[in-house]
Amino acid sequence: MIMHLGNADAGKADDRSLSGLQSRLLDRRAFLFGSAAGLAALGLAGCASDYMSLAEAEKVYGPVPNEKFPIPAVDVSKVDPKYFRKTVRYDSNEAPGTIIVDPGKYYVYRIEGEGNATRYGANVGRDGFRWSGDAYVGRKAEWPTWTPPKEMIARQPEAGKYARGMPGGLDNPLGARVLYLYQNGVYTLYTIYSTSAPETIGNGITSGCTGLLSQDMIDLYSRTPVNTKVIVLPA
């Protein structure tokens, strides 16, 4: 009997062991499945876009009603999301505040320090009208008068009607804000200006100048004093 009881207890022990083993296997499978699902989710998260969403962009690039000439909202559906304003990692030895124009990638960077920069999408000079080098902001203006240079008038006679200057306004090519680039005390004829044409961002369409969406240009302008260093990289 004792032997019988012993065998019965052993059977019960075996049943308990088998049950425990099955439980551990189920727990392990659940863990592995959960880990795999977690890793897959991380993988998907890594592939997901980290650009500003359209809903966020509609707020950032919304109307600016309190300007001298109220600025309408940007149609953000006409802008590739990679050109929306963003803080990015950008290693540079330049001082905070320095502006770097990268026409090859259609970006303008404002160095913030500690390896960071504010990045803006831009339009740039078309083929044959690009310029690169070091400059500085010699002057800046809000709702500036636009006066086409004589070289432009020679190429585009229709611009001649503005030879004495086109008053500031929404139709003015320089828009709401402009930074004039100088070298050695001389105006280079190049600017960083504001545009209300979202379809131009990410394109080479100007006579060498660099344009930002008005809302981005207002942001950059407000943080850029005269004499700020500007570096225009080769395209």
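## Contacts, charges and rings in a predicted model

Leaving aside neighbours within four places in sequence, threonine 195 touches Asn123, Thr200, Ile201, Gly211, Leu212, Leu213 and Ser214. The model described here is a predicted one, and threonine 195 belongs to its strand β8, which covers residues 186–195. With a relative accessibility of 10%, threonine 195 counts as buried, because buried means under 20% relative accessible area. A polar atom of the threonine 195 side chain also lies 3.0 Å from the backbone nitrogen of alanine 197.

The next topic is charge. Side chains of opposite charge can pair when their charged atoms come close, and in this model the count comes to ten salt bridges.

Glutamate 112 lies in strand β3 (residues 107–113), whereas arginine 223 lies in the loop between α4 (214–222) and β11 (229–232), so their pairing ties together parts that are 111 residues apart in sequence. Arginine 110 is buried, at 12% relative accessibility, while glutamate 112 is partly exposed, with a relative accessible area of 28%, and arginine 223 is also partly exposed, with a relative accessible area of 28%. Which residues are linked in a network of salt bridges? The network is made up of Arg85, Arg110, Glu112, Asp216, Asp219 and Arg223.

Aromatic rings form a further set of pairs. A pair of aromatic rings is described by the distance of the centres and the angle of the planes, and the count here comes to ten aromatic pairs. In one of these, the ring centres of tyrosine 61 and phenylalanine 84 are 5.6 Å apart and the planes stand at 35 degrees, so the pair is tilted. Both residues lie in the loop between α2 (54–60) and β1 (86–89), and the pair therefore ties together parts that are 23 residues apart in sequence. Tyrosine 61 is buried at 1% relative accessibility, and phenylalanine 84 is buried too, with a relative accessible area of 2%. Elsewhere, Tyr83, Tyr90, Tyr107 and Tyr109 form one aromatic cluster.

Finally, arginine 139 brings charge and ring together: arginine 139 lies over the face of tyrosine 180, at 3.7 Å from the ring centre, and over the face of tyrosine 187, at 5.7 Å from the ring centre.

Technical notes:
Residues numbered from 1 in each chain as written. Predicted model: local features only at pLDDT ≥ 70, side-chain atom pairs only at ≥ 80, totals over all residues. Heavy atoms only, no water. Helix = DSSP H or I, 4+ residues; strand = E, 2+ residues; numbered from the N terminus. Buried < 20%, exposed > 50% of the residue type's maximum accessible area, 1.4 Å probe, protein only. Polar contact = N/O pair within 3.5 Å; in protein donor to acceptor, adjacent residues only side chain to side chain. Contact = heavy atoms within 4.5 Å. Salt bridge = Lys/Arg side-chain N within 4 Å of Asp/Glu carboxyl O. Phe/Tyr/Trp six-rings, centres within 6.5 Å; stacked < 30°, edge-to-face > 60°. Lys NZ or Arg CZ within 6 Å of the ring centre and 35° of its normal.
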